[in-house]
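Colleague: Please take me through this model one feature at a time. For each, start with the general idea and then turn to the case at hand.

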Amino acid sequence: DADMVWRGNLWNEVDPGGNKEAVFIEDGSFWALCSCMIFMKPTENNIHFLELWRDEILTGRYNNDQYAFNAVVRGDAHSVKWRRGDKLKFPAGSLYFKMSEKDVKARENVLLVHANWMQGDVRKRMALIDSDNWHPSGKIDEISLRLVPCGEDFDQLKQRQRAQEIAEYEENAKRRRDIIEREEQELEQRKQTALESGNGWDQKSNLEINVLR
């Protein structure tokens with residue numbers, strides 16, 4: 001994936017070794033593998049696996065290719081001999097960015113930082129900047145996609161991020177207020193309907209009391 005940073009030499013770590021043909025890494029859970037970084041030897045088994053993965057994607061049953069990938073891995077149609085990458089060296093973003101700042105040794109052992117488990121290029125870049133993993137020699141121009149000298153003003157980037165977070169918070173707060181207001185209006189309407197029909201209304205439980213006639 002493009003939201004990854006290599007912090008060291010990965011080649012010894014991704015060598016499957018022995019009779020293994022591939023290395024897959026976890027995506028925050030033992031039962032979920034990440035299709036973001038895959039190392040596969042050019043074997044017949046691996047080629048067949050990729051064909052199965054392609055076919056599984058084309059069924060249209062999955063929201064993204066990673067779900068299809070995991071379905072193939074768990075299935076019995078392939079014969080790939082694979083092993084898991086060390087999750088402390090290849091942690092998912094959900095693990096890496098939650099590591100304590102005091103746990104310097106654990107962070108130093110990480111070889112691949114993946115800014116996943118978050119959405120938006122600004123949020124991903126901010127996470128990499130704050131964790132001292134953003135040291136580009138250039139940047140991608142979002143319009144022309146040309147490599148241009150890096151002139152990104154990170155203070156402005158942070159301001160945009162804060163503004164985006166504030167806007168999202170205010171939008172969510174407004175949505176919650178609208179829901180509460182609508183529920184209060186519906187409750188008042190139910191109360192008026194109950195009283196007009198001659199029934200009572202329990203203020204404590206906000207429930208209609210049927211009056212026997």
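Modeller: Helices are DSSP runs of H or I with at least four residues, strands are runs of E with at least two, and the numbering starts from the N terminus. The model is predicted. Its chain comes to seven helices and nine strands. Helix H7, for instance, spans residues 154-196 and holds both Glu171 and Arg175, which are four residues apart, about one turn of the helix.

Colleague: What joins Glu171 and Arg175?

Modeller: The general idea has two parts. An α-helix has 3.6 residues a turn, so residues three or four places apart point the same way. Side chains of opposite charge can pair when their charged atoms come close. Here, Glu171 and Arg175 form a salt bridge, with 3.1 Å between the closest N and O atoms. Glu171 is partly exposed, because its relative accessible area is 47%, and Arg175 is partly exposed at 40%.

Colleague: Which residue forms a salt bridge with Asp178?

Modeller: Lys174 does, its closest N and O atoms with Asp178 being 3.0 Å apart. These two residues also lie in helix H7, four residues apart. Asp178 has a relative accessible area of 32% and is therefore partly exposed; Lys174, at 47%, is partly exposed too.

Colleague: How many salt bridges does the structure hold?

Modeller: The structure holds seven. Another of them joins Glu56 and Arg61, whose closest N and O atoms are 2.5 Å apart. Glu56 has 17% relative accessibility, so this residue counts as buried, the cut-off being under 20%. Arg61 counts as exposed because its relative accessibility is 56%.

Colleague: Which residues make up the largest nonpolar core?

Modeller: Look for buried nonpolar residues joined through side-chain atoms. The largest such set has 11 residues, among them Phe24, Leu33, Phe49, Leu52, Trp53, Phe69 and Val72. S2, H2 and helix H3 (65-74) each give two or more residues to this core. H3 contributes the most, with four. A second, separate core of 10 residues includes Met4, Cys36, Phe90 and Leu112.

Colleague: What covers the buried residues of H3?

Modeller: The cover includes S2, strand S3 (32-40), H2 and strand S4 (82-84). The buried residues of H3 are Gln66, Ala68, Phe69, Asn70, Val72 and Val73. Of these, Val72 is touched by Leu52, which also contacts Ala77 and His78.

Colleague: Where is Leu111 placed, and is it buried or exposed?

Modeller: Leu111 sits in the loop between helix H5 (104-108) and strand S5 (112-114). Its relative accessibility is 15%, so Leu111 counts as buried. Leu111 and Asn9 are 102 residues apart along the chain, while their C-alpha atoms are separated by 7.2 Å. Beyond four places in sequence, Leu111 touches residues including Val5, Trp6, Leu10, Glu13 and Lys89. For the chain, 51% of the contacts between residues at least 6 apart in sequence join residues at least 24 apart.

Colleague: Where in the chain is confidence lowest?

Modeller: Where pLDDT is low, the predicted coordinates should not be read in detail. The lowest mean, 40, belongs to strand S7 (residues 147-149), and the highest, 96, to helix H2 (residues 44-58). Over residues 140-151 pLDDT stays under 50, and the model has 15 contacts beyond four places in sequence for this stretch. The chain has a mean pLDDT of 81, with 82% of residues at 70 or more.

Note on methods. Residues numbered from 1 in each chain as written. Predicted model: local features only at pLDDT ≥ 70, side-chain atom pairs only at ≥ 80, totals over all residues. Heavy atoms only, no water. pLDDT = per-residue confidence, 0-100. Contact = heavy atoms within 4.5 Å. Core = buried A, V, L, I, M, F, W, Y, C linked by side-chain atoms within 4.5 Å. Buried < 20%, exposed > 50% of the residue type's maximum accessible area, 1.4 Å probe, protein only. Salt bridge = Lys/Arg side-chain N within 4 Å of Asp/Glu carboxyl O.
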